[in-house]
Amino acid sequence: MTTLLQVRDIVIDFGGLRAVDGVSLDVPAGPFGMGLVGESGSGKSTIARGALRLLPLSRGSVMLDGKDVRHFRGSDLRCFRRSVQIVFQDPGSTLDPRMRVGAAIREALVVHRMVPAGELESRVEELLVEVGLESSDGPRFPHQLSGGQRQRVVIARAMAVEPRVLVLDEPTSALDVTVQARILRLISRLREEHRLAYLLISHNLAVVQQLCEQMAVLYLGKVIERGSSRAILEQPAHPYTQVLRSSVPEIDLAERRARISVPSIAVDAAGPPEGCRFHPRCPLAVEECRRIPPSLREIDRLHEVACHRAEEACERFVESVDTAV
Amino acid sequence: MILEIRNLAINFGARCVVDIEALDLRTGEILGLAGESGSGKTMTALAIMGLTATSGARISSGSITVDDRELVHQRDTDLRRIRGSQIAMIFQAPVSSFNPLFKVGYIFIRSLRLHGASRSEARAHAREALEEVMLPYDMLERRPYELSGGQAQRLAIALAVALRSQVLLADEPTSALDVSVQGEILDLIRRLRDRDGMAVLFISHDLAVVAELCDQVAVMRAGRIVEFGASSQVLHSPTNDYTRQLVDSVPKLGTRAG
């Protein structure tokens, strides 16, 4: 598997606050999905913005096709910008309210000289149809569209420049559940047809499971668990991932499990705890956890965890599943 | 029956946005009001609070009673006595439910004083209520923007507890919270029901949350209740096509879903 986008040990600071602290991720060429999960403030969006060169890195590097993206200038930079695109949570605020949606898509085509001038209009129509809108929707303004339709426009605009990596930052969180289901289907269709690789940021583990082969769980700016989504969601090994996993509400009674809860301690990201960052909330913490920050280690094929006590945590999780109502 | 809604119609001008024949809430019951945006969930809750006018809507007919007292078309001065003391409402964005200029303690004590508590009673009630929602008393020294989302939602619930509200209207109270914090808030609501017999109208677009928390559920679409029943029944074997479509749209995580 060749690596398309390689994030190497990146650190991102906001003044004195270290939002991302030594994160590495490998995104292979598409079709491929990598999910980023974690609570608000854990650094999900910051990592994605760092990877896209939208934020400066304090340390570490991001490589696209083995080339360091920080060195791109001029036409290389333009080419990089084309190769990576981002879709945000709120489609209402990513579209210019005074620009017709067709013009918004057209602008992307023009900036990146995607098609000859004579073919612009027909390409815009094609893109609208591709994302499930009508070819006649171009002259409409964003406010004349529903939230789901607007998100389709944003996706069409991103796809217009034929990106290789897409960042989807909570793309369906603002949408109704039936609309969400349709957008998720659209994303998985586009990914196959265009061999797309994406980083999907979501707080919804079920969405990640549906769209991502791999996932990384973040806690206070560090990756605490990563690997195959299936493995992590079936047997989360980090106590924090277990909290997340067991907190997911389920419609199906048979799938319901006892919620593992931990004290919610307000942690100051500007001065994170020594040792393992999760130790003040962790029921399994021992002396080692208070002193030595754990690094990622493999506990199974395609499954890494940064926890000194992952084996104990796994046992405990299995028990909690058995005792679930 | 602590809350009864009969033939409630709410209009935006000529357009009818809510048309509910009957909806009842018993003491100690958690009733889910589920549906997509625009289905009329929030408007129904605002009608119960007598706040439809703030959004430009109008109750055109029907009746809402709490503890056998009619709420529709009551004077504001009468409603003010009922709001808070009998019915409390919490919202999706808990931090913005508090005025950022004041310490939350001031907001807390003032609300209790407005409902007739003496200064020392107000303090005592506040202390008990914070204990009940498991927040330290010194939380009252903070300003709203110094609270996390989970803390602010706990505080909003504590205010309802302190005012001894019998009915809690919870409008998407966990939609803006992280999933682990959401679990804590749901546990808290469940405990208030079990311990104090609080009746809860729980508005949510998240059917999985409704399935876990609510005893009964009413599914709304375009202002009407299209299906009603025990939430285990309705969400596992929906009889209405629209409910089934909603249930099928929820991404499922279960190990068996693969």
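## Briefing on chains A and B

Helix α5 of chain B is followed by R164(B), a residue whose phi is positive, near 55°. The model is predicted, and local features need pLDDT of at least 70, side-chain atom pairs count only at pLDDT 80 or more, and totals for chains, interfaces and linings use all residues. Residues are numbered from 1 along each chain as its sequence is written, while chains are lettered from A and ligands numbered from 1 in the order in which they are written. Helices (H or I, at least four residues) and strands (E, at least two) are DSSP runs, numbered from the N terminus.

**Helix α5 of chain B**

- Helix α5(B), residues 149–162, has 14 residues and reaches 20 Å from its first C-alpha to its last, close to the 20 Å expected at 1.5 Å a residue, where the expected span is 1.5 Å times one less than the number of residues.
- Because 13 of its 14 residues are buried, α5(B) is largely enclosed by the rest of the structure; a residue is buried if 20 or more other C-beta atoms lie within 10 Å of its own, exposed if 12 or fewer, and partly exposed in between, with C-beta atoms placed from the backbone.

**Strands of chain B**

- Four strands of chain B form an open sheet in the order β2-β1-β4-β5, with antiparallel pairing, and two strands pair if DSSP finds at least two bridges between them.
- The edge strands of this sheet are β2 (15–25) and β5 (69–70) of chain B, each of which pairs on one side only.
- Strand β1(B), residues 3–12, runs antiparallel to β2(B) and is joined to it by nine bridges; E4(B) stands opposite D24(B) in β2(B).
- Strand β6(B), residues 87–90, is covered on both faces, with I87(B) and M89(B) buried on one side and A88(B) and I90(B) buried on the other.
- Four bridges pair β6(B) in the parallel sense with strand β7(B), residues 167–171, and L169(B) in β7(B) is the bridge partner of M89(B).

**Helix packing in chain A**

- The axes of helix α5(A), residues 120–130, and helix α6(A), residues 147–160, come within 9 Å and cross at roughly 125°; axes are lines fitted to C-alpha atoms, for helices over the stretch in contact, and angles run from 0 to 180 degrees between N-to-C directions.
- The contact between these helices is made by L127(A), L128(A) and E130(A) of α5(A) and by A156(A), M159(A) and A160(A) of α6(A), two residues being in contact if their C-beta atoms, placed from the backbone, lie within 7 Å.

**Contact between the chains**

- Chain A gives 30 residues to the contact and chain B gives 29 residues.
- On the side of chain A that touches chain B, the elements that give two or more residues are α7 (177–193), α8 (205–211), α9 (229–234) and α10 (239–247) of chain A, and α8(A) gives the most, with five residues.

**Backbone features in loops**

- Most residues other than glycine have a negative phi, and most peptide bonds are trans.
- G30(A) and P31(A) are joined by a cis peptide bond with omega of about -5°, and P31(A) is found in the loop between β2 (17–28) and β3 (32–37) of chain A.
- E170(A), although not a glycine, has a positive phi of about 50°; E170(A) lies in the loop between β7 (165–169) and α7 of chain A and is partly exposed, with 19 other C-beta atoms within 10 Å.
- D68(B), also a residue other than glycine, has a positive phi near 70°; D68(B) is found in the loop between β4 and β5 of chain B and is exposed, with 8 other C-beta atoms within 10 Å.
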